[in-house]
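Please look through the structure below with the following explanation at hand.

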Number of protein chains: 6
Amino acid sequence: MRHDSRQPDQLRPIKVERRYTKATPGSILISAGDTVVLCTASLDNSVPPWKKNDEVPSGWVTAEYNMLPGSTSPRKQRRADGRSSEIQRLIGRSLRAVVDFAALGPRTITVDCDVLQADGGTRTLSITGGFLALLDTVLAIPETCELAEGEVFDPQKVFTNSVAAVSVGVVEGEPVLDLDYVEDSTAGVDMNVVMTGGGDFVEVQGTAEGLVFNRGMLDAQLELATLGIEQLTAIQRECIGGDWPL
Amino acid sequence: MRHDSRQPDQLRPIKVERRYTKATPGSILISAGDTVVLCTASLDNSVPPWKKNDEVPSGWVTAEYNMLPGSTSPRKQRRADGRSSEIQRLIGRSLRAVVDFAALGPRTITVDCDVLQADGGTRTLSITGGFLALLDTVLAIPETCELAEGEVFDPQKVFTNSVAAVSVGVVEGEPVLDLDYVEDSTAGVDMNVVMTGGGDFVEVQGTAEGLVFNRGMLDAQLELATLGIEQLTAIQRECIGGDWPL
Amino acid sequence: MRHDSRQPDQLRPIKVERRYTKATPGSILISAGDTVVLCTASLDNSVPPWKKNDEVPSGWVTAEYNMLPGSTSPRKQRRADGRSSEIQRLIGRSLRAVVDFAALGPRTITVDCDVLQADGGTRTLSITGGFLALLDTVLAIPETCELAEGEVFDPQKVFTNSVAAVSVGVVEGEPVLDLDYVEDSTAGVDMNVVMTGGGDFVEVQGTAEGLVFNRGMLDAQLELATLGIEQLTAIQRECIGGDWPL
Amino acid sequence: MRHDSRQPDQLRPIKVERRYTKATPGSILISAGDTVVLCTASLDNSVPPWKKNDEVPSGWVTAEYNMLPGSTSPRKQRRADGRSSEIQRLIGRSLRAVVDFAALGPRTITVDCDVLQADGGTRTLSITGGFLALLDTVLAIPETCELAEGEVFDPQKVFTNSVAAVSVGVVEGEPVLDLDYVEDSTAGVDMNVVMTGGGDFVEVQGTAEGLVFNRGMLDAQLELATLGIEQLTAIQRECIGGDWPL
Amino acid sequence: MRHDSRQPDQLRPIKVERRYTKATPGSILISAGDTVVLCTASLDNSVPPWKKNDEVPSGWVTAEYNMLPGSTSPRKQRRADGRSSEIQRLIGRSLRAVVDFAALGPRTITVDCDVLQADGGTRTLSITGGFLALLDTVLAIPETCELAEGEVFDPQKVFTNSVAAVSVGVVEGEPVLDLDYVEDSTAGVDMNVVMTGGGDFVEVQGTAEGLVFNRGMLDAQLELATLGIEQLTAIQRECIGGDWPL
Amino acid sequence: MRHDSRQPDQLRPIKVERRYTKATPGSILISAGDTVVLCTASLDNSVPPWKKNDEVPSGWVTAEYNMLPGSTSPRKQRRADGRSSEIQRLIGRSLRAVVDFAALGPRTITVDCDVLQADGGTRTLSITGGFLALLDTVLAIPETCELAEGEVFDPQKVFTNSVAAVSVGVVEGEPVLDLDYVEDSTAGVDMNVVMTGGGDFVEVQGTAEGLVFNRGMLDAQLELATLGIEQLTAIQRECIGGDWPL
C-alpha cells in the first residue's frame, strides 16, 4: 500500500481545464494530485533560421519549462539551470515526435509549461498537457492565421499520433506508477516514459538513484508505464472531445 | 461610455482566491477582468547580509514580478528586462511601506507575482494581491516557524496598515479608473497609484504617454484612484475575513 | 532653515558648461551643488528594427544612465543594476515626451548621462542636462548629416517643448526643493517631477520612504517642483542663447 | 553489413592511454574509432556547501563535458549549451552511482571530459573513460592527500562497482551497437545505456528520432548494449591491470 | 613635421587638475591634447580573499578602465570587452610595480580610469594620471583611516618609485612620441612603454600593425619613450608639489 | 645552471605532431617539455560583417585560447577570464601579421589553441603551433573549397612570412630562454616575443614582475629570443617539409 493509499498501478487523480487563459489559442491547466502545470502554446508565423531555406516549407515545435518560485518549498530561485534545460529539451523532442512539420507549414509553435505547484512528475505532466495545448493551437490555425497562397491546411494531417508521458519508479523494492514527491525522493529508480497513443515508445529515461536495477525490474516498470499511458491518452481524448483529430 | 461599458470610475470585476496552491503559506490568485496574477509569498528564516548586524533583529520583504510567456500575445520571451525590474522594485517598496521590520523579526519574505494573463494593470494588481499573500504568510508564522528564544510574535504588530494599488489614466481626454489593455494602449497619460487602507499615498507614478498633463488632470486622476483603492481595500478585507489584523 | 542654509524653495547653484567635449555634437557638463553629470548625445543615421517599416520615416531617442565608480563613497561597482535601468528608462521617456519623431527623421539619438559626482538628484539633473545635449545634437544635424533626398530638416519642428526635472521631498516634516544627499537620506517622501517649459507634467514619481503622505503634502510638493522647473527652464534657455528653438 | 564493415553487435576499436597528462592524478585518453576524449580527474580537499554539515564526513563526484571547437566540422562555438549541460549531468549521475561517498571521505573529485574529436558516442565514451580517470584519482589519494586524523582510507571500499556506457540504435530498421556519426545521424532510434561491470543498469535513455519504437525493438537494443558493456568492462580492467580494485 | 605640427619627440600639451571631484581622496582629471581621463582612487579597508591569511598583513591595488560611450565617435556601447579587460590589467600591473604592499597595510585601493574623451593614448594617460590618484589616496590614509593597533603608517614607504607611461610608434616610417588618434590609426607599429621615474622599464608592449619592425626601429622608439617619460615624471612631480614623497 | 639542467639559451625539447585530428584541415599537437597545446584551424566560407562590403573581397583570421580544466593543478574553472581574452587577442594579432587577406579571399579561419597541459609558455607555444595549423588549412583550400568565379587561389601568396613565438625572462638575475612554470613563477621579468621567420619583430611584451628592468637587461632578453625563434622556425619548416610555401 502506498503512502497515499494508491495501488502500485494507480495514477493520481488527473484534472484538465481546457482554454484556461485566452491570450494563446492553446491553454491547458492540468493537474495530477497536487502537481499543477499551466501549458500554453503560442504560434509564430515564422520559422527558425535553419528552416528558412527548406525546399518544402515546414514548421517547428519547441518547448520551454519553468517552475514558478512559489511552486515548491523552499522557494526556487528564478534562473535557468541545467535541470530545466534538460527537461525542456525532453518536452520538445517528445512533442516533435508526433508532428508532421510539412503538414504544419511554415509556422513555429512554442509550448510553455509553467509549473504552478510541484509535487513530483512535473516533466511528464508537462508533456501530457503540452500535447493538448499544442493540439488546440493547431486546430485554431485555420481561423487565426492567414494561409500561404495555395496552402491547404488540414489539422488532422499535422499529427501522426498523440503523445503522453508518465513516471514510474521503484519504491521500497516495488515498482509503482506516477510517483509523487514523497515517493520520488525515496525511490531507488526513477524512470520517465513517453509513449504515443498508439502504444509505441518515444522516450525511455531510467535513472538509478542509489539502486542499480536489473532487467526484470526494468521490464516491470515498462509494463506499469504502458498501463498509465493508456489511461492518460483516454483522458486527453475526452478533454478534446469531438475535435480529437486522430 | 468605455469600450467595455464601464463607468469612468468603475473597477473591473475583481476575484480573489485564497490558498490557491499549498507549497507556500500565502498563495493568492487574483484577477481584475482578464488580468490574472498568482501571488505567492515564501518565508526564509534568514535575513540579507546587510541586515545581519542589526542591533534589534529585524526582517525584510522583497518582491519579484514576472509575466509568463503565454500570458500575452505575441508571446513574451522569458528573460529579465528593464520593465520587469522596475515593476518588482515598485512592488517591493509598496509592500515594505506598511511593514514594521522589527515586529517581523529576523525573517525574509519573498512575494512572487507571476502574471498568468495580462490585460492591463498587472503591476497594480500584483501589489493588491501580493499584500494578501504577504499577510497570510505573516499570519502563518506562529505555526510554521520556530521562534527565537524569548521572542513574542504578534502578527497584528507587523503591519502598520494595508496597501493596495490601482491604475488611472486619461483616455480620449477623460480620466478613467483601472485601465485594461485596450485603454492602456491608447491612453495619453498612465498613472499608477499605491495607497494604504487608511487613505494615504505610498507611491504616485504618472507618465505622459504622448500627452503632457496639467494640474487639473492630475487632480482628477488622483480622485479616481482614491475611490478605487477604497473598494479594493474592502475586497482585501473581505477575502481575509476574521483574520484581518488591522 | 536647511542644513546648507537654503530656503525650502531654493535650488542648489546650477552650472552648465556647453560643448564640454568634442566627440559628440551635444556635450553638456551640468552641476547642481556637488552633483555633476556629463551628458553627451550621439547621433546614429539608422533607426531601431521596429521603426524600419514606418510609413513616414521617423526617428527615436534613447537614454543611458551610469554612475562612475568614484562618483560616490563607498565606491560603486561597475555593473548594470535595477536602479540604473529604472532611471535610464525615466530619462528616455522624459526626453521622448517633447520630441516629434517624424520631424526628427530616420535617425536615432542616444543621450548618455554619466554621473561624475553624486550628491543627490542625479536622475533629475540628467534630464535637465540631457535635454540640452539632445537639443545641441538636433541643432547640428543640418551640418553633420546628409539629408535624405527631398528631406527638409527644421530643428525648430523637432521639439514640441523643452523639458526639465527636479526633486522635491519632505524633510523633517517640511516640503523642500532639490534635495542633496544628506536631505535625501533622511527624507520621509521623495518625489521626482519632470515638466515641460510650458508648465505641464511629463512624469510625477512620488515615493513614501518611511512616511506615507496625504493629499496636502503631495500638493505642497508639486507647488515647489513647479517653481523649480521654471528656474531650470530659464537656465536652459540662457545656456543655449540665440539657438533656443522654442 | 554496416558502412564501416562492422557486425551489428561489434564495437569500434577502443584504445585507452593511461596517465596521458601529469597535472592530474587521473588522466585517460580514450578513443572509439575516430571519437577521442581526454578524461582528467582533479581532486579538491573540500566538499560542496550542502555537504559541510554531514554527520559522517562524505565526499562528492561531479563531471563536466565539453567539445573542443575543432573537434567537429563545422566548428562548434565555445559556449555552454543545453546539450552539454544535459550530458554532463548524465556523466556525473553515472559515476556517482558506483561511489560510496562515506568511504571517499570529505573530498570532491571533478571529472572533466573534453572531446578532442567527435565521431558519435562522445557521451558514452566519456563515462567509460571518466570512470578510469576517477579510479586513478582515488587510487592516488593515499599518496597525494593528507588524511584526516584517525581516517583509514581504503580505495577498494570507494567503489561499489565499475561503470561503463555504450550507445545503441536502430539504423535502417536494424538494431546496431556503438553508432558512429554517420549512423547516428540516420538512426531512427538513439539509445544510451550505462551499466555496471556487474551487469545492472544505471541509466537507460532511449529517444525516438523520427521513428517511434515498440517493445521488441527496445529489447533488442538492450541485448546489444549488454554485450557491448561486457567488452568495455574487460577493456577497463585490462587498462588498470593489477590496481583494479573490484 | 607631424599633422599637428609637433616634433617627433614632442608630447601633446598635458594638463592635470588635482582633486577634481570630492567623493574619493584621489581624483585627477588629466588630459593630453584632446584625450581626457578622469582617474579616481577609492580606498577599502579590506583585502581580497587570497590576501586574508598573509602573515604580514599587506594590501592590494587594482584598476578599472572604461571609455564613456560619448568619448568617441561613433558612440561606444557600454559593455566590457576584451580590449578594456586587457587595458585595465596593464594599468593594474603598472601601478602595483611601484607599491610596497606591506607598507600599504591591509587596504585595497581601486583606481578607476574613465575616459571622458578619446583621442589616442588613453591607456598610457590612465597610468600617468592613475598614479597621481593612487598617490593622493595613500597620502590621505593617515587622516581618513583608523590605523590598526600598533600600526605606523608612512606614505613615503608605500612607493618604491613613481610610474608613468607613454605611447610611441612608427608613422610614415618615422618613430614618433605620444600618438594621437589620427597618427595611431595610420601607424605601422604601436608601442606602449611604462617606466618608473627612476628610468627603469615596467612594461614594454610593442605591436606590429601592418608593418613588422626590426631591432633598430625598436631601439629608436625606446629612446623616444624614455624622453617622454622624463617629461611626464616632471609634470607629475609638479602637480603634487611639496607632498611628493619620493 | 637551470633547475632542469638547460643552458640559459636552450629551448625545451619541442615535439610537433601534424594532422593529429581529422575534423579540421589544420590540426597540430605541439609540446615544449611538459606544455602541450592542441591547435586546430577551422575554415568558414564567410567573413565578419565589417568585411562584407570590402571592395576587394578579403578574409580574416581569428584565434581562441583556452586551458582545459585538468591542464593544471589546482583545477582551472571553465570560464572566460581576462587572461584568456588577452592571450587570444595576442595570438590573433600575431597570426594576422603575416597574412595577406586579399590573397586569402573571402574566408575566415579560426585557430583554436586548447592547452592540454600547462607548464609555462602556453601563449607562445600556441602561436608557434597555431601558425602551422593555419598554414595547413590554407594549403587545403584548393581541395576543400569551391573557389569564387574567376578566383585564382595561390597558397604561397597568402603568407608574407612565417611567425613563431617564445618567452624569455630574468631568473635569479640572469636572462634565460623558454621558461617553464617553475622558472616563470620566480622570474623577476617576463617577456613574450613574437617574430617572423625573417627575423623581424611582430610583438614584444615585457612585464616587470617584482623587478623593474633596465635597458641592458631588455637587450639581453631580446638576443635570447632571437636565437630561440630561429630554432623554432627551423622546427616549423621541418614539420611542414616540402609543403612549406615561403
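**Rings, cysteines and chain contacts**

In chain A, one aromatic cluster is made up of A:Trp50, A:Trp60 and A:Phe101. Rings of Phe, Tyr and Trp (its six-membered ring) pair if their centres lie within 6.5 Å; planes under 30 degrees apart count as stacked, over 60 as edge-to-face and the rest as tilted. This is a predicted model, in which local features need pLDDT of at least 70, side-chain atom pairs count only at pLDDT 80 or more, and totals for chains, interfaces and linings use all residues; side-chain values use heavy atoms, with hydrogens and water left out. Residues are numbered from 1 along each chain as its sequence is written, while chains are lettered from A and ligands numbered from 1 in the order in which they are written.

Over all chains, the structure holds 30 aromatic pairs. In one of them, the ring centres of C:Trp60 and C:Phe101 are 5.2 Å apart and the planes stand at 35 degrees, so this pair is tilted. It links distant parts of the chain, 41 residues apart: C:Trp60 is in strand S4 (residues 60-67) of chain C, and C:Phe101 is in helix H2 (residues 101-104) of chain C. Helices (H or I, at least four residues) and strands (E, at least two) are DSSP runs, numbered from the N terminus. C:Phe101 is buried, with a relative accessible area of 17%; buried means under 20% relative accessible area, exposed over 50%, and partly exposed in between (1.4 Å probe, protein chains only).

Another pair is edge-to-face, because the rings of E:Phe131 and E:Trp244 have centres 6.2 Å apart and planes at 70 degrees. E:Phe131 belongs to helix H3 (residues 122-144) of chain E, and E:Trp244 to the segment after helix H6 (215-240) of chain E, 113 residues apart. Both E:Phe131 and E:Trp244 are buried.

A disulfide is a pair of cysteine sulfur atoms within 2.5 Å, and the count over all chains is zero. For C:Cys239, the closest cysteine sulfur is that of C:Cys39, 11 Å away, too far for a bond. F:Cys145 is buried, with a relative accessible area of 10%.

In chain D, D:Leu139 lies in helix H3 (residues 122-144). Leaving out residues up to four places away in sequence, D:Leu139 touches D:Arg18, D:Pro155, D:Ile240 and D:Asp243, where contact means heavy atoms within 4.5 Å.

How are chain C and chain E related? The same surface serves both copies, as 100% of the contact residues of chain C recur in chain E.

Between these chains, 26 residues of chain C are in contact with 26 residues of chain E. Together they bury about 2,100 Å², 48% of it on carbon and sulfur atoms; buried area is the accessible area (1.4 Å probe) that two parts lose on being put together, summed over both. The count of salt bridges between chain C and chain E is 12, each a side-chain nitrogen of Lys or Arg within 4 Å of a carboxyl oxygen of Asp or Glu. C:Asp34 forms a salt bridge with E:Lys22.
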